[in-house]
Amino acid sequence: MMDYLPYIINAILAVIAVAALIYAFITHRNLSKTMTRIDSMLDKAKEGEFKANSFTEEEVSALECKFADFLNSSLTNEAALSEEKNRIKEMISDISHQTKTPIANLLLYSELLGEEESLSSSGKESVEVIHGQTEKLKFLVDSLVKLSRLENGIVAVNSADNSVNELVQGVVAELGNKAKAKGLELVGPSNHEVIRAKFDMKWTREAIINIVDNAIKYTNEGLVEVRISATDVFARVDIKDTGIGISEEDSAKVFQRFFRSREVAGEDGVGIGLYLAREIITNEGGYIKLASVKEEGTTFSVFIPVK
């Protein structure tokens, strides 16, 4: 019997080895099938054709069931977000449409009333106030509509290769008369170097206009300068004024939505221009820096990606 013991042990070991190989083969085959089914789930999810009820308990493992539940939940959430975005889009469109005509009529009739010669001086003052407040309401509604569209992805910032020179020259030309009416000089870039960067011309123009408009609004005398320069990474637009400046405390808040410093509470504005400007530039992969000295002036530096 002892003579056969080594053979018996070897036979047992061989059986164990074969069993291990069979187990490994079956495990590998099952894992391969599981991975294939999971891969199929992902493909269907990408194409929007995934349905959890197309897989039975017999066909999937516990891991696959959990994965299927996750995909189904993700697709449900995505569908809900898409539906919510569509509702917001419709609401914004309704607000824009419903307020456009009444605001335009208020502006038109206030202008017509202001031209009436028989109107008393107090009456003319009242009409001017109505006209001014209507302009403010129009600006607020327009800004909120733009901001909502941008934040909800309804309107995307589409960056492309554009001329920074053209961008800034257009802003200076548009706001030149406004600065002149206030007794200020709006100075554009003096360098003739052509600077190009990747940005959305329409939206970036909106951002720069908001910053330059602020500079004009809060500068009582002197000038507002707009300068451009470039590095290998960013094109830079500096908007420098000789206005009232911004305190260190307020510098950290000026880009917040609806923020209005106590010092300028009496001035026109709704506190949304700088917030919108930063949202636009950030969406393009850029950023805005602020440097200011009280009673000396402020410089906003806008950095736009070159590539």
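Trainee: Which residue in β5 is the bridge partner of R227?

Mentor: In this predicted model, the bridge partner of R227 in β5 is D238. Strands here are DSSP runs of E with at least two residues, helices are runs of H or I with at least four, and both are numbered from the N terminus. Local features need pLDDT of at least 70, side-chain atom pairs count only at pLDDT 80 or more, and totals for chains, interfaces and linings use all residues. Residues are numbered from 1 along each chain as its sequence is written, and side-chain values use heavy atoms, with hydrogens and water left out.

Trainee: OK, and how do β4 and β5 pair, over how many bridges?

Mentor: β4 and β5 pair in the antiparallel sense over seven bridges, where pairing requires that DSSP finds at least two bridges between two strands. The two strands also form a hairpin, with three residues between them.

Trainee: What about β5 and β7, in which sense do they pair?

Mentor: β5 and β7 pair in the antiparallel sense, over seven bridges, and within that pairing A235 has I304 of β7 as its bridge partner. β7, which covers residues 297-305, also pairs with β6 in the antiparallel sense over seven bridges, and there F300 of β7 is the bridge partner of L290.

Trainee: So what is the strand order in the whole sheet?

Mentor: The sheet is open and has five strands in the order β2-β4-β5-β7-β6, with mixed pairing.

Trainee: Why is one side of β2 and of β6 left without a neighbour in the sheet?

Mentor: β2 (185-187) and β6 (287-293) stand at the edges and each has a single partner strand, so one side of each has no neighbour in the sheet.

Trainee: Switching topic, which strands does α4 touch?

Mentor: α4 packs on the sheet and touches β2, β4 (223-230), β5 (234-241) and β7, with contact meaning heavy atoms within 4.5 Å. The direction of α4 makes about 180 degrees with that of β4, and such angles run from 0 to 180 degrees between N-to-C directions of lines fitted to C-alpha atoms, for helices over the stretch in contact.

Trainee: And which ones does α5 touch?

Mentor: α5 packs on the sheet as well, touching β2, β4, β5, β6 and β7, and its direction makes about 20 degrees with that of β5.

Trainee: At roughly what angle do the axes of α4 and α5 cross?

Mentor: The axes of α4 (residues 164-181) and α5 (residues 201-217) cross at roughly 35 degrees and come within 10 Å. Among the residues making that contact are L167, V171 and L175 of α4, together with I208, I209 and V212 of α5.
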